[in-house]
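This report is written for someone meeting the structure for the first time. Please look over the sequence and the model before reading on.

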There are 2 protein chains.
Amino acid sequence: MNAADTRQRILMTAMELFWEKGYLSTSVADILSRSQVHSGSLYHFFPGKQDVLVGVLELYRDGIDEMLLAPNWEGVDDPIDKIFALLAGYRTHLIVTDCTYGCPIGSLALEIHEPDPVVRDLMAANFTGWSTAIAGCFDAAADRLPKGADRKALGEFVLTVMEGAVMQARTYRDIGYFDRNIAVLRDYITTLMATAKDDSFA
Amino acid sequence: MNAADTRQRILMTAMELFWEKGYLSTSVADILSRSQVHSGSLYHFFPGKQDVLVGVLELYRDGIDEMLLAPNWEGVDDPIDKIFALLAGYRTHLIVTDCTYGCPIGSLALEIHEPDPVVRDLMAANFTGWSTAIAGCFDAAADRLPKGADRKALGEFVLTVMEGAVMQARTYRDIGYFDRNIAVLRDYITTLMATAKDDSFA
DNA sequence: GGCTTGGTTGAATGTTCAATCAACTCATCT
DNA sequence: AGATGAGTTGATTGAACATTCAACCAAGCC
């Protein structure tokens, strides 16, 4: 096993564990035993536990297109459909995990109360990547939306709804909370598009 | 200091600390030193740290009307205004804390990955209390909403938006993220009411 | 006065934690 | 061949952690 392998194995394992148990509840020993790496090797690549978190957040940030968007948008062309296809991906995660799934970034954002600036910036960058992608969908469908629509704010709003919907479904262990939230969002976006249609006749 | 005082002091201190640092990052020693209570006394009233959390969650649940809703709804009569008055209360918290504030229940919900059923039920009960209060506002304004509107789902949706808006404002340390999210929500509710008006003419 | 009960004190326990480090392996370069 | 240095090993360290407990106190009752 070469150096790149070890570093990568640590990051992948930490990604898994942070997602399963959260950052605080994951001990360095947990990472070591699951990744079959020895403590000295981990500390050779990372100054400390927090630097492993930084590495994981960088992986998320850099992998958003290939690992998150592309899989969910395969065969989906309509930009509005893309938004709900992405949300459907989160729904699948919830179903598969018996409503135990949590958005890894959202969980970290609420779990770490006094984040180091480096960590906070990376969490923010992850949010920005997500909501910018959604805003891009709204941009692509701009002709179907009201003229003055703040499409960046809409992107942030969809992120908000996803995070809140996942949070509630997870807390209640009931997918109904996710579905109802998404249904309301869908109603809003539908209404927005209907409004835009009316405008064009005015 | 009598027994009730000690128990209360522990709970109040724990409430503060869980809000400031989160549950996992608050040590029993933190609670002891700030509350000026000795470990034996704490363990006389609570079997363990988690039971202190249970006590805190019960306080939140039982205090929602007096401690959360009443202060924000003073002098506000219109039920739709009440919704945004409550959200404005969260905005004030964010401003006062330099966008460091987090909803205590939301934070706990995402921080504790494998909650004891007792804890999970209490977090859910807190969410339900909140969204039910908002649903009550929508009920009171039912005549201004579309006939078929799912007012329970709308209550959950407002909770979702609050949690997501707080999460983003906190992560970016920028109140703009909160404001834009609430603006979009306001646009939606306004649109809903406008739609209802149209309906009445149809 | 003595006994009971509810509460207090704080040192001590055993565990878990992140982090360290001296000793090592082994491919690569001169 | 010998030197170099990136990478590995795992026992060890010291701090922090939740929890325990024997001793103690004081108000109320017999």
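How many helices and how many strands are there in chain A? Chain A has 9 helices and 0 strands, where helices (H or I, at least four residues) and strands (E, at least two) are DSSP runs numbered from the N terminus.

## Basis of the report

This is a predicted model, in which local features need pLDDT of at least 70 and side-chain atom pairs count only at pLDDT 80 or more, while totals for chains, interfaces and linings use all residues. Residues are numbered from 1 along each chain as its sequence is written, chains are lettered from A and ligands numbered from 1 in the order in which they are written, and side-chain values use heavy atoms, with hydrogens and water left out.

## Chain A as a whole

Read along its sequence, chain A gives the pattern α-α-α-α-α-α-α-α-α, and its C-alpha trace spans about 70 × 35 × 30 Å along the principal axes. Contact here means heavy atoms within 4.5 Å; among the contacts in chain A between residues at least 6 apart in sequence, 67% join residues at least 24 apart.

Of the 202 residues of chain A, 52% count as buried, a class that means under 20% relative accessible area, with exposed meaning over 50% and partly exposed lying in between (1.4 Å probe, protein chains only). Helix 6 of chain A, residues 104-111, is largely enclosed by the rest of the structure, because 8 of its 8 residues are buried. Among these buried residues are Pro104(A), Gly106(A), Leu108(A) and Glu111(A).

## Salt bridges

Side chains of opposite charge can pair when their charged atoms come close. With a salt bridge taken as a side-chain nitrogen of Lys or Arg within 4 Å of a carboxyl oxygen of Asp or Glu, a search of the whole structure finds 18 of them over all chains. One of these joins Arg34(A) to Glu20(A), with an N to O distance of 3.0 Å. That pair links distant parts of the chain, since Arg34(A) belongs to helix 2 (residues 28-35) and Glu20(A) to helix 1 (residues 3-21) of chain A, 14 residues apart. Both partners count as partly exposed, Arg34(A) at 38% relative accessibility and Glu20(A) at 33%. Glu16(A), Glu20(A) and Arg34(A) are linked in a network of salt bridges.

A further salt bridge is formed by Arg144(A) and Asp78(A), whose closest N and O atoms are 2.7 Å apart. Arg144(A) lies in the loop between helix 7 (117-140) and helix 8 (151-172) of chain A and Asp78(A) in the loop between helix 4 (49-73) and helix 5 (79-96), so the pair ties together parts that are 66 residues apart in sequence. Arg144(A) is partly exposed at 32% relative accessibility, and Asp78(A) is partly exposed at 24%.

A residue is near a strand if one of its heavy atoms lies within 4 Å of it. Of the 17 residues around DNA strand D, those that come nearest are Thr6(A), His38(A), Gly40(A), Val28(B) and Ser39(B).

By class, the surface has 5 nonpolar, 11 polar and 1 charged residues, where Ala, Val, Leu, Ile, Met, Phe, Trp, Tyr, Cys and Pro count as nonpolar, Asp, Glu, Lys and Arg as charged, and the others, Gly among them, as polar. A phosphate oxygen of DNA strand D is 2.9 Å from an N or O atom in the side chain of His38(A), and one is 3.0 Å from such an atom of His44(A). From chain B, a polar side-chain atom of Tyr43(B) lies 2.9 Å from a phosphate oxygen of DNA strand D.

## Where chain B touches chain A

The contact takes 48 residues from chain B and 47 residues from chain A. The area buried between the two chains (the accessible area, 1.4 Å probe, that two parts lose on being put together, summed over both) is about 4,200 Å², of which carbon and sulfur atoms give 59%.

Across this interface the rule finds 2 salt bridges, and the side chains of Glu156(A) and Arg180(B) meet in a salt bridge at 2.9 Å, N to O. Helix 8 of chain B gives the most to the side of chain B that touches chain A, with 16 residues. The residues of that side divide into 23 nonpolar, 13 polar and 12 charged.

Key
Polar contact = N/O pair within 3.5 Å; in protein donor to acceptor, adjacent residues only side chain to side chain.
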